[in-house]
Amino acid sequence: MADKWILQELAMTRKTVDESIRNFEFAAAADSLHDFTWNKLADWYLEVAKIEKEKSSILIYILKNVLIMWHPFIPYVTETLWESFNDDILMMKQWPAVAEATGGDSFAVIQEAITGIRNARSENKIEPARKVKAVVVGPNADLLVEQAALLCGLRTGVEAVESAQSAPNEAAIRVVLGETEIYLLGAVDPEKEKARLSKEKENLEKLIAGLSIRLENQEFVSRAPAHILKAEQDKLARYQSELANINDALKA
Amino acid sequence: MKNELDKTYDSSLFEDSIYAKWEKSGFFNPDLSNLPDFAPSYTVILPPPNITAKLHIGHSAMLAIEDLMVRFHRQNGYRTLWVPGTDHAAIATQNMVEKKLMTETGKTRHALGREAFLKEVDIFVENTQATILKQTRKMGASLDWSRLAFTLDEQRQKAVKRMFLDMHREGVIYRGERIVNWCPRCQSTLADDEVEHKEQKAKLYTFKYSADFPIPISTTRPETKLGDTGLAVNPKDERYSKYIGEEIETDFCGLKLKIKVIGDRKVEMDFGTGALGVTPAHSAVDWQMAEAQDLKKIKVIDEAGKIKDGFGEFSGLSTLEAREKIVSQLSADGLMIKEEEIENNLSCCYRCGSVIEPLPSLQWFISVDAPASRLNGRSMKEAALEVAKNNEIKFLPDRFGKRYIDWMENLHDWCISRQIWFGHSIPAWYRGEETYVGEEAPEGEGWVMDTDTLDTWFSSGMWTFSTLGWPDNFENGVKSGDLARFHPTQVLETGYEILTLWVSRMVMMSLFAIGEIPFEHVYLHGTILDAKGKKMSKSKGNGVDPLEVIEKYGADAVRLSLLMGATPGNDARYSEEKVESKRNFVNKLWNISI
Ligand SMILES: [Zn+2]
């Protein structure tokens with residue numbers, strides 16, 4: 001599945017680069033190739049290849065295409081690499097006609113899931129070492145369970161993937177991907193979380209007290225410029241609503 | 001992998017041997033590739049760098065863009081030719097060598113003499129040329145070195161001479177007296193676009209020629225008034241219109257003047273006094289008025305910027321000395337009415353900054369308006385406008401198409417002779433009043449060859465076809481050889497600052513010589529600025545030596561950093577951090593691949 005996706009991306013890149021150069025849009029051509037090489041090939045496909053293995057023939061195919069397309073931009077390094085595994089000269093190598101490739105779209109679902117999980121972890125400050133379980137609900141659940149190896153292998157900290165009919169009852173972090181939802185279980189350590197929230201609560205209460213005194217001071221209120229006064233009042237309202245949320249969470 | 005490669009890419013270990021491999025393969029030359037006959041051709045002519053100095057990072061950007069286009073098309077089945085060359089840059093080079101001569105030996109070129117000086121130039125040219133070609137190779141440019149050309153080499157001399165003779169035969173080249181932009185320092189004429197304009201404060205003097213003269217005038221250059229033969233007023237101006245047609249004799253600072261009052265609707269009634277002293281010999285506008293109204297032309301200032309003989313106590317003075325003297329005399333005589341400070345647009349030499357002296361002189365011109373039979377009765381201007389308006393030549397970005405058209409529509413005859421030693425000679429001989437133009441010196445005694453040389457843009461204007469074998473492979477209007485296979489070229493990629501100086505000339509010359517456009521597309525790149533957005537220059541010390549950065553980061557990183565910021569027509573900033581980040585990318589590609 002990742003193979004289909006990278007071939008599809010390669011074909012699209014090939015088309016964009018070709019058209020951009022013919023339209024004198026050299027920076028756009030380079031950007032597109034750069035995006036393919038760095039983000040798609042290096043960051044995704046090569047990582048997938050480490051998990052799925054036995055990809056050397058397709059890797060060589062992609063690499064050859066990448067070198068051919070990069071050649072007009074960076075001729076020296078591409079020719080040097082080329083001569084390490086080819087007998088002909090890259091400078092004269094015809095750009096291959098890349099066949100229209102399709103069927104790579106489902107890999108995009110996997111990518112989205114992986115990116116979503118990574119983002120959720122960092123937003124929720126989950127330590128990298130902490131392993132979680134992913135419960136998937138929705139139309140793409142089967143696909144994601146099928147590709148559990150990738151979902152677990154690509155720096156997500158996920159150790160197991162399951163599908164379910166509905167959301168689990170346990171405390172979980174929710175990742176929304178359109179109609180499909182992923183629940184990360186075991187991400188939250190109740191004791192630690194409680195301690196963190198209590199600390200946060202204390203902090204907020206202090207801030208609110210300070211601000212309230214300030215805003216009750218008639219001299220300040222009458223002298224401060226309107227926009228500063230407004231900013232301070234907004235700040236107070238924000239702290240108060242954050243405090244309410246934390247209190248709710250602590251009660252749960 | 002066939003060969004074992006190191007973990008990191010060290011560009012210095014590979015670049016030279018890879019370039020040698022490409023060159024040895026012969027594939028820079030399209031004649032040696034095994035393409036089918038029907039393969040379309042793709043030709044780019046490298047804008048020849050001036051041999052005045054080594055290349056700067058702006059040239060590297062140009063090479064990177066062109067090599068990208070060329071390599072792409074070569075890899076895509078086109079019969080691809082990229083022609084290398086250098087430009088002799090006549091006046092710029094001569095000035096360079098003059099300066100060098102002065103600092104090294106304290107001698108002027110006149111002290112050295114023409115022949116010895118030109119030898120010095122040759123030595124200089126050989127040196128810088130070698131450096132330029134080395135730098136070009138270092139960038140990885142896949143140029144066909146077997147077709148290397150120089151704007152002043154033997155083949156190009158032949159082409160230039162042929163072009164001059166053809167244009168002369170058609171009546172497009174003529175000799176005539178004109179007001180030229182004269183640089184008293186360089187001792188040479190300058191083209192209109194070689195003149196720079198500087199805003200500066202100047203004094204506007206309002207005075208009468210003499211007490212009994214009825215109309216006061218205003219000028220910033222009282223010393224030129226010694227050569228006034230007319231007085232122009234607006235015919236609608238009720239103050240002065242009654243004088244139109246009168247010829248008034250007057251005494252100006254002790255010298256006799258005969259002033260004819262003429263009507264000219266272009267005179268602004270509310271500038272100064274609304275009356276202009278007409279000085280035909282020292283102002284291009286006044287020259288035209290004099291031609292139209294049949295006024296006498298009296299030359300006051302000579303080629304050294306001094307007042308000529310025959311002007312009494314003023315003769316031999318510099319223009320500034322004469323001005324001072326005249327101003328104080330006018331004040332002493334009670335003729336000065338007003339002295340006021342105004343903003344003035346001063347014309348200066350683009351080479352040396354000296355103030356331009358407009359002077360009449362016998363020069364060779366290209367008439368841009370003369371109908372030519374080989375252009376089916378159209379003028380060069382009309383032909384060059386047509387191809388742009390019909391979109392036969394496309395400009396990128398397209399706003400430059402408009403700029404080209406505007407400029408072309410206002411184009412005046414092009415003065416092509418230059419009073420300098422280094423350049424193409426003019427195939428003209430003189431004997432007394434006789435003039436002969438031809439291939440060789442005419443028979444008979446006493447003929448002297450023209451000592452001037454041609455404007456540098458004359459030869460570079462022919463660059464697309466003179467590098468492809470013209471005139472040898474063009475007979476009776478039929479192209480053969482390289483000219484048939486590779487002309488018109490597909491793209492001219494050059495800096496927008498020479499759109500008018502060069503691009504426009506190439507269009508006119510090509511249409512005249514072979515009846516076709518020189519290129520289908522003109523891609524105009526911007527200037528490479530430093531990291532802070534300032535222009536790079538030697539004096540500011542913010543210039544970048546491409547060889548140094550190539551040495552440090554590799555040519556590919558330099559190329560990529562220039563290409564990834566390139567949009568046509570816009571200036572781009574260069575910074576070493578950018579090059580470094582592209583070097584990191586090159587390493588990434590290396591790591592992915594091994
Ligand atoms: Zn000058």
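This note goes through a predicted model point by point, from the zinc site to the strands and the aromatic pairs.

1. Basis of the values. In this predicted model, local features need pLDDT of at least 70 and side-chain atom pairs count only at pLDDT 80 or more, while totals for chains, interfaces and linings use all residues. Residues are numbered from 1 along each chain as its sequence is written, chains are lettered from A and ligands numbered from 1 in the order in which they are written, and side-chain values use heavy atoms, with hydrogens and water left out.

2. Zinc site. The zinc ion is held through the SG atoms of Cys183(B), Cys186(B), Cys349(B) and Cys352(B), at 2.3 to 2.4 Å; donors here are N, O and S atoms within 2.8 Å of the metal (3.2 Å for Na, K and Ca), and because water is not among the atoms, sites may look incomplete. The arrangement is tetrahedral because the four donor atoms subtend angles of 103 to 114 degrees around the zinc ion, where the term asks of four donors that all angles lie between 85 and 135 degrees.

3. Sequence context of the site. The donor residues follow the spacing C-x2-C-x162-C-x2-C. Distant parts of the chain are linked in this way, since Cys183(B) belongs to strand S5 (residues 173-183) of chain B and Cys349(B) to strand S13 (residues 336-349) of chain B, 166 residues apart; strands (E, at least two residues) and helices (H or I, at least four) are DSSP runs, numbered from the N terminus. Cys183(B) counts as buried at 0% relative accessibility, and Cys349(B) is buried too, with a relative accessible area of 2% (buried is under 20% relative accessible area, exposed over 50%, partly exposed in between, with a 1.4 Å probe and protein chains only).

4. Strand S14. Nine of the 10 residues of strand S14 (residues 357-366) of chain B are buried, so the strand is largely enclosed by the rest of the structure. S5(B) runs antiparallel to S14(B) and is joined to it by 10 bridges, with Tyr174(B) opposite Phe365(B); strands pair if DSSP finds at least two bridges between them. Strand S16 (residues 414-415) of chain B is also antiparallel to S14(B), through two bridges, and there Ile366(B) stands opposite Trp414(B).

5. The open sheet. Four strands of chain B form an open sheet of mixed pairing in the order S10-S11-S9-S12, in which the edge strands S10 (247-252) and S12 (275-278) each pair on one side only. Strands S9 (residues 230-233) and S11 (residues 255-263) of chain B pair in the parallel sense over four bridges, and Leu231(B) faces Val261(B) in S11(B).

6. Aromatic pairs. Over all chains there are 29 aromatic pairs, meaning rings of Phe, Tyr and Trp (its six-membered ring) with centres within 6.5 Å, stacked if the planes are under 30 degrees apart, edge-to-face if over 60 and tilted otherwise. Tyr19(B) and Trp22(B) are edge-to-face, at 5.9 Å centre to centre and 75 degrees between the planes, and both are buried. Phe400(B) and Tyr496(B) have ring centres 5.6 Å apart and planes at 20 degrees, so this pair is stacked. Phe400(B) counts as buried at 1% relative accessibility, whereas Tyr496(B) is partly exposed at 21%.

7. A cluster with residues of two chains. Ring pairs link Trp38(A), Trp70(A), Phe73(A) and Phe585(B) into a cluster.

Notes. Tetrahedral: all angles 85-135°; square planar, octahedral: opposite > 155°, others 65-115°.
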